[in-house]
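Colleague: Before we discuss this model, could you take me through the terms you use and what each of them rests on?

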Amino acid sequence: MDSPNVLFTAPSVGRKNATLICVPIMGESIEKMKIDVEKAKAGGADVVEIRLDSLSTFDPYQDLTTLIQHHALPLLFTYRPKWEGGMYDGDENKRLDALRLAMELGADFIDVELQVAHGFFDSIRGKTFNKTKVIVSSHNYQLTPSIEDLGNLVARIQATGADIVKIATTATDITDVARMFQIMVHSQVPFIGLVMGDRGLISRILCAKFGGYLTFGTLESRVVSAPGQPTLKDLLYLYNLRQVAPDTKVYGIIGKPVGHSKSPILFNEVFKSVGYNGVYVFLLVDDLANFLRTYSSTDFVGFSVTIPHKEAALECCDEVDPVAKSIGAVNCIIRRATDGKLIGYNTDYVGSISAIEDGLRGKHNGGNTNISPLAGKLFVVIGAGGAGKALAYGAKEKGARVVIANRTYDRARELADAIGGDALALTDLDSYHPEDGMILANTTSIGMQPKVDETPISKNALKYYSLVFDAVYTPKITRLLKEAEESGATIVTGLEMFMGQAYGQYENFTGLPAPRELFRNIMENYN
């Protein structure tokens, strides 16, 4: 930092990338900001962004001096006006005066918007600020421009004399982020490229792989300075950001919604524990075929697939494992290293069926393990989507008599015909009890957070079932399982299915045997 030509870089001990983690500080008072800067330092941040526009009162000389003299971390000063998505609504000259003053007082970084950058640089021409690096930023709260337009924008920002280029755009689709990565990888200057919103989340994590200069992580999940920001804690401890390198393999969970999934917690923790060079991210995907076409590089090597994409995944793969083909759904996609082809698997049925069998055997009661305890049982599956198909197929393979109950009867009938079973409309399920001791398996998202008070069947009807399984695992004990237990049934949680399918996915992803004990320990710590 002593020479004007040296950019601040993060300490390299124990880290595999130079991407800085910056915490936005949005306090209403200088005192609150000082406390938050200390918290950011204790939490492992590299830099803090002081958002001057969040202060309720601001005395430039006094407040900037206080912050700069007592700083625990390098400081980036931003004074964002309303016209660029910030909170400052006052005189423009006073705003820019404050940023110039920050430079004079020895700020590490300041952020100046592209719209005013030429004028700002004109005003400081001929002056020497040995310490301060100027970030010139552009924010687009509507969309992410084309690759050509992004390239032109970088050139325009560079032409102002910026030390660091910052572009923040908005994701209308997860494929928008690929354009930002392309610009980032080829950038010849320090480049901050972030794509805002839930669909842009991967930009904030994988920038560490593709060479981004800085990413933002918040102190608390509710206090964000831009849409879609993860927390500092998640960047460091969920995604293990310091260990992400240019050759780190990318995995993720494809779904819509996807934020409830515990797969990122599980896989990232396992990768870290065994020293596997991978990172596992949330992938909020609207159009699966478009996503797979866009992220076709060898960097993106494996995906878990959840609702509503399991059936579409079957069509998107170049090759499909025979079991997945029979089921008609894929929950795991691997990009084969030798030729880049996409191979589809289904690990759902193994996880759920073995969990249900264990429940029927009473875990410790050995019994004859060659004959499945499902043989001859009446097995009612709620739902005819990807998970429903997997359970129906698995139960049938084990010799059960299968009945499909679904909101739309036609879909139930179609699946029942395909596997050789019977069909019901979901509305008729409450009055369906041809025999006692049936098995019930819910494969829909009914009862999943946030709609935890929902259940697919009345409590009164549960007395005809000896075992009830729910594929939903957030919450672990759903209303359905709670009422089933109260009705005397054995219950099997979705966590059991989740663990079982995760073992299979891990083995497909890595080619290594799943460390099952480690998987169980991780999940027990999170429940």
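Modeller: A search of the whole structure finds 1 cavity of 30 Å³ or more. The model is predicted, with local features needing pLDDT of at least 70 and side-chain atom pairs pLDDT 80 or more, while totals for chains, interfaces and linings use all residues. Residues are numbered from 1 along each chain as its sequence is written, and side-chain values use heavy atoms, without hydrogens and water.

Colleague: What makes this a cavity, and which residues lie nearest its centre?

Modeller: On a 1 Å grid over the protein atoms alone, a cavity is a set of points where a 1.4 Å probe fits but cannot get out, and a lining residue has an atom within 4 Å of a point. The largest cavity has a volume of about 160 Å³, the volume being the space filled by probe spheres set on the points. Its lining comprises 16 residues, with H139, K166, S225, A226 and Q229 nearest the centre. β2 (47–51), β6 and β7 each give two or more residues to this lining.

Colleague: Why are β7 and β8 said to stand at the edges of the sheet?

Modeller: The open sheet of 8 strands has the order β7-β6-β5-β4-β3-β2-β1-β8, with parallel pairing. Strands are DSSP runs (E, at least two residues), numbered from the N terminus, and two of them pair if DSSP finds at least two bridges between them. β7 (191–196) and β8 (214–216) each have a single partner strand, so one side of each is left without a neighbour in the sheet.

Colleague: How do you know that β5 and β6 pair?

Modeller: Strand β5 (residues 133–139) and strand β6 (residues 164–170) are joined in the parallel sense over 5 bridges, and V165 in β6 is the bridge partner of V136.

How values were computed. Helices (H or I, at least four residues) and strands (E, at least two) are DSSP runs, numbered from the N terminus. On a 1 Å grid over the protein atoms alone, a cavity is a set of points where a 1.4 Å probe fits but cannot get out, and a pocket is an open set with protein on both sides within 12 Å along at least five of seven lines; lining residues have an atom within 4 Å of a point.
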